Amino acid sequence: MSILSGGETLAKSLAREGVEVVFGLPGIQIYGIVAGLRDEPGIRMITPRHEQAATYMADGYARASGKPGVALVVPGVGIYNAASGLANAYARSSPVLLIAGQVPRAQIGRGLGAVHEVLDQMDVVRSVTKWQQRAVRPREIPYAVSEAFRRMRTGRPRPVIIEIPPDAGVEREEVVLRNPAPVSRIVPDSEQLREAAAVIAQSRLPLIYAGGGVARSDAESALVNLAETTNIPVVTSTGGKGTIPDGHPLCYGSCFSPRGERQEMNQLYDVMASADLVIGIGARFSLGNPAGEASTLVNINIDDTELTRVQANTIPLHGDARATIEALLPRLRDAGAGDRSSPAMAVDAARRLIAHYDVQLQEPLYPFVEALREAIPEDAFVTWDVTQLGFYARTHWQVHHPKTYIDSGYQFNLGYAFPTALGAKVAQPDRPVVCIAGDGGFMFNASELATAVKYGINVVTLVLRNDSFGNVARDLDDVFSGTYETDLHNPDFVKFAESFGAVGMRAASPMDIATLLPAALELQKPVIIDVPFSDMPIPVAPQVAPLYALPWTQPQEGLIAT
C-alpha cells in the first residue's frame, strides 16, 4: 500500500497501463489530477484549445497507435464539448478513455448550482460510451482505471468514461495500485470452427468482407494470410480500408454502396450479390449482405449482438478477428479450402470496371486526385474530413498500409479531421500525417493550430477552399431548387497559419499540390496549404435511380428495401 492523493493515484494507474500522453484541458475541478500528471515522469499532457479537440486527438492517437487514447476534461460543459469526439470514436470502435471532473462529492445530484454542475452528467454520454464509472475516493481509482482499460481491450473497443470529484483528486489515503488486467482473445470452439471450415471449403463463389474490426484486432496480416491460403478475394468496408493492401491481387477494394447510386460503384455490389458464401470479419453489414439469404454468411465478430442480426442463414463465430482467423486457417487447410484456383484475373477485371468511375471525373478533379496520390507517401496517415473529396475517398482512395486511412465513420463529424490528425501524429511522430479538410470543416477546430505549433505536431493540412459548405450547397441546389446560407466568409488561410507561427502555402490551382505537398512534408513543421477547389462532379448513369432518392430529400420507407 501507498499513501497517495487521488491525482497521484490516477497518474500512476495510467502509467501502469502504458499511457504516455493525456490530451486534456486543466480546470478547477481537476487541479489535483493535473498536479498528479505533472509529477508523473512517464506521462506528458498535451493541452488543446477546446475539449472537442481533446477527444478527437485521443481518437486519432488510438487509431494510429492501436493503443487506447486518453482525454481529460472538466465536468458539465467540458463533457458536452467532448461528446462529439466520443461519438466519433464510438462510430469507429475506437478505444478512448475520457476522464472527467465532477462537482464536490457532497454536492453530486443535489442541484445546488455548483460550478459546471450537470445532473447525471454521465447520462450525457451514456449512448456513446461502452462503460461508465465514478470514483469518489482515491482508493477507488485503481479499480476504475484497471476496469476501464480491460473494457477497452476486450470485446468491441469503444469509449469509456471515469468521473472523479475534486475532493477525491486532492485527498490522500492508502491505496493499492493494480497491474493491468490480463486479457485473453476470444476464440470460437473447435466444433464451430470445423463446421465453418467445411462450409467454406464446399462453397463455389466465396467472398471475404473485412470491416474495421480487423484493424482493431491487429489482424491485417492474418487477413492477408487467409485470402492467400484459400484464394478467396476480399472486399473491405470503409472502416476496413487498409486491412489488406488495395494493390493486392485478391483485393477488390472498398467501392461498395447500395443500389441506386453510381453504376460503376455497383460493380462490387454485383460481385457480392453473386457470392454463395460471404465471410464477414469484424463488419457491421450496415447496408446488409447483398447476397442475402441466397448465400451463407460466416460471421466472425467480437460483438455478439452483431452475429445473427444480418440474416437467418448465418454461421456465427463469436471471437476476436485475429485469433479466430488464426484458429480457422489449419481447419480450412484440412478441409481442402486451399485447393481452389486463384480468382486474381476476375478481381483485376472488376477493378478495371470500378476504375472507370475515376475517368468520368472531369477537370480539374481527376488530375488533382492523381497528383494527390503521387504526392502523399504510401505509408502516410491521412485523415479525411467530411468533404466532397472525402466522400469519394471512402470508396475509391487506395490504401496500402494498415490503419493509415482515418475517417469519421457513420457519424460524419464535420471538423473532426484536423485535431484527429494531430492525435495521429503524436502517436506516430516519425510517420507523415496529412489532413484533408474543406474550408468549412477546418474552421471548426482551426484554433488547434496553436496546439500544433506549441507542441511541434507537424501535420500538413490541405484546406480545400470553395468558400462554401459545398456538399450541402449542391444538395440544396439540385434537390430543393436553390441553396440557402451555405456561403462562407473565410480568412486568408496563409496569413491565418502564419499568425500562429505555422507555415502557410498558397496553391494557385489544385495541381500545384504536386510540388507544394512534398515540399511541406520536408519542412517538418505544421503547414496549411490553401487549395482553391471547385464543386466535385458526381456522374450518375441514366439507367440507375437518382443519387438523391434518399430519406433526407424525399419521404420513403428507408434506406434499405425490405
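User: Which residues do ring pairs link into a cluster?
Analyst: This is a predicted model, in which local features need pLDDT of at least 70 and side-chain atom pairs count only at pLDDT 80 or more, while totals for chains, interfaces and linings use all residues. Residues are numbered from 1 along each chain as its sequence is written, and side-chain values use heavy atoms, with hydrogens and water left out. Rings of Phe, Tyr and Trp (its six-membered ring) pair if their centres lie within 6.5 Å; planes under 30 degrees apart count as stacked, over 60 as edge-to-face and the rest as tilted. The cluster linked by ring pairs consists of F418, F442 and F493.

User: Is the pair of Y209 and F285 stacked, edge-to-face or tilted?
Analyst: The structure holds nine aromatic pairs. For Y209 and F285 the ring centres are 4.9 Å apart and the planes stand at 45°, so the pair is tilted.

User: How many residues apart are Y209 and F285?
Analyst: Y209 belongs to strand β9 (residues 206–210), and F285 to the loop between β12 (277–281) and β13 (296–301). Helices (H or I, at least four residues) and strands (E, at least two) are DSSP runs, numbered from the N terminus. The pair links distant parts of the chain, and its residues are separated by 76 residues.

User: Are F368 and F533 buried or exposed?
Analyst: The ring centres of F368 and F533 are 5.7 Å apart with planes at 65°, so the pair is edge-to-face. This pair also links distant parts of the chain, with F368 in helix α13 (residues 365–375) and F533 in the segment after β20 (527–532), 165 residues apart. Relative accessible area under 20% counts as buried, over 50% as exposed and in between as partly exposed (1.4 Å probe, protein chains only). Both F368 and F533 are buried.

User: Over the face of which residue does R394 lie?
Analyst: A charge sits over a ring if NZ of Lys or CZ of Arg is within 6 Å of the ring centre and within 35 degrees of the ring normal. The charged end of K241 sits over the ring of Y405, 5.2 Å from its centre. R394 is placed at 3.9 Å from the ring centre of F412.

User: Which residues touch the most other members of the largest nonpolar core?
Analyst: A nonpolar core is a set of buried Ala, Val, Leu, Ile, Met, Phe, Trp, Tyr and Cys residues joined through side-chain atoms within 4.5 Å. The largest one has 52 residues, and the members that touch the most others are F23 and F442.

User: Beyond four places in sequence, with which residues is F23 in contact?
Analyst: Contact means heavy atoms within 4.5 Å. With neighbours within four places left aside, the partners of F23 are I46, A54, M57, A58, Y61, V70, A71, L72, G423 and V426.

User: What is the bridge partner of G438 in β18?
Analyst: Strand β17 (residues 433–438) runs parallel to strand β18 (residues 460–465), and five bridges join them. Within β18, G438 is partnered by L464.

User: What does the twist average in the open sheet β3-β2-β4-β5-β7-β6?
Analyst: This sheet of six strands has parallel pairing. Its edge strands, β3 (44–46) and β6, each pair on one side only. From one strand to the next, the twist averages 25°.

User: Which residue stands opposite E163 in β7?
Analyst: In β7 (residues 160–164), V160, I162 and I164 point one way and I161 and E163 the other, and all are buried. Strand β6 (residues 131–134) runs parallel to β7, joined by four bridges. Opposite E163 stands R134.

User: What is the bridge partner of I279 in β13?
Analyst: L277, I279 and I281 point one way from β12, whereas V278 and G280 point the other way, and all are buried. β12 pairs with β13 in the parallel sense over five bridges. The β13 partner of I279 is V298.

Conventions
Pairing = 2+ DSSP bridges. Axes fitted to C-alpha atoms, helices over the stretch in contact; angles between N-to-C directions.
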